[in-house]
Amino acid sequence: MESRREQAESDCVSSDNYNSPIPETETETPISESTLEGGVSAFNQAQLLRAIEVVERDSFAIAQSFTSLFASLRLALSNATATTLDHMQCFTDASGRIQESVLDAATKGNRYINSCLRLNEEMKNIDGLASQLYPITYLLAS
């Protein structure tokens, strides 16, 4: 265990490349019993700074991931909203045209009904005329 810890400590101290990924053995340094009992800390200043740099780098990576996630969510929501607005505009246009067509059809239907009523009245007058002319046509035909 000691050789592994020493190797990890030497890797941490000697490494100047902060952008390379760090294995879990380097990022998780155990706290010794002397630290828990209030004795001298097992961490030296270089290890503490290295641990802080690792936390900062991981925090920055997480922040970038969240930024990317929120940007893609905002874009998806914007596209969905734009699509919904386009559909609503299309629906509004279609319903307006249907309303115009229905009003036009209702107007034409009313005209047709009124024409039929007028024709019915005129046919009543023609029936009376036909009954008056029927005896004359019967006499002329014979």
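**Entry 1**

I started at Asp104, which has 39% relative accessibility and so counts as partly exposed (buried is under 20% relative accessible area, exposed over 50%, partly exposed in between, with a 1.4 Å probe and protein chains only). I'm working on a predicted model, where local features need pLDDT of at least 70 and side-chain atom pairs count only at pLDDT 80 or more, while totals for chains, interfaces and linings use all residues. Residues are numbered from 1 along each chain as its sequence is written, and side-chain values use heavy atoms, with hydrogens and water left out.

Next I looked for the partner of Asp104 and found a salt bridge to Lys108, with the closest N and O atoms 3.4 Å apart. The rule I used asks for a side-chain nitrogen of Lys or Arg within 4 Å of a carboxyl oxygen of Asp or Glu. Lys108 comes out at 48% relative accessibility, so I noted it as partly exposed too. Both Asp104 and Lys108 sit in helix 4, 4 residues apart, or about one turn of the helix.

**Entry 2: another charged pair**

How many salt bridges does the rule give? I get 2. Besides the Asp104 one, I have Glu121 with Lys124, at 3.7 Å from N to O. Glu121 and Lys124 are 3 residues apart in helix 4, again about one turn. Glu121 is partly exposed, because its relative accessibility is 46%.

**Entry 3: the rings**

I then checked aromatic pairs and counted 1. The ring centres of Phe66 and Phe70 are 6.1 Å apart and the planes are at 20°, so I wrote the pair down as stacked. The cut-offs: rings of Phe, Tyr and Trp (its six-membered ring) pair if their centres lie within 6.5 Å, and planes under 30 degrees apart are stacked, over 60 edge-to-face, the rest tilted.

Where do Phe66 and Phe70 lie? Both are in helix 4, 4 residues apart, about one turn of the helix. Phe66 is partly exposed at 44% relative accessibility, and Phe70 is partly exposed at 48%.

**Entry 4: the greasy patch**

Which residues make the nonpolar surface patch? I listed Ile62, Phe66, Leu69, Phe70 and Leu73, for about 490 Å². Patch residues have over 30% relative accessible area and no salt bridge; like charges are joined within 9 Å, nonpolar side chains (Val, Leu, Ile, Met, Phe, Trp, Tyr) within 5 Å. Areas come from the Shrake-Rupley method with a 1.4 Å probe, and for residues only the protein chains shown count as cover.

**Entry 5: the whole chain**

I read off 4 helices and 0 strands; helices (H or I, at least four residues) and strands (E, at least two) are DSSP runs, numbered from the N terminus. Helix 4 covers residues 45–141. Of the 142 residues, 6% count as buried. The accessible surface is about 12,100 Å², with 61% of that on carbon and sulfur atoms.

**Entry 6: confidence**

Mean pLDDT (the predictor's confidence in each residue, from 0 to 100) is 75, and 68% of the residues reach 70 or more. Over residues 1–26 the pLDDT is below 50, and I see 20 contacts there beyond near neighbours in sequence (contact means heavy atoms within 4.5 Å). Residues 32–40 also stay under 50, with 7 contacts beyond four places in sequence.
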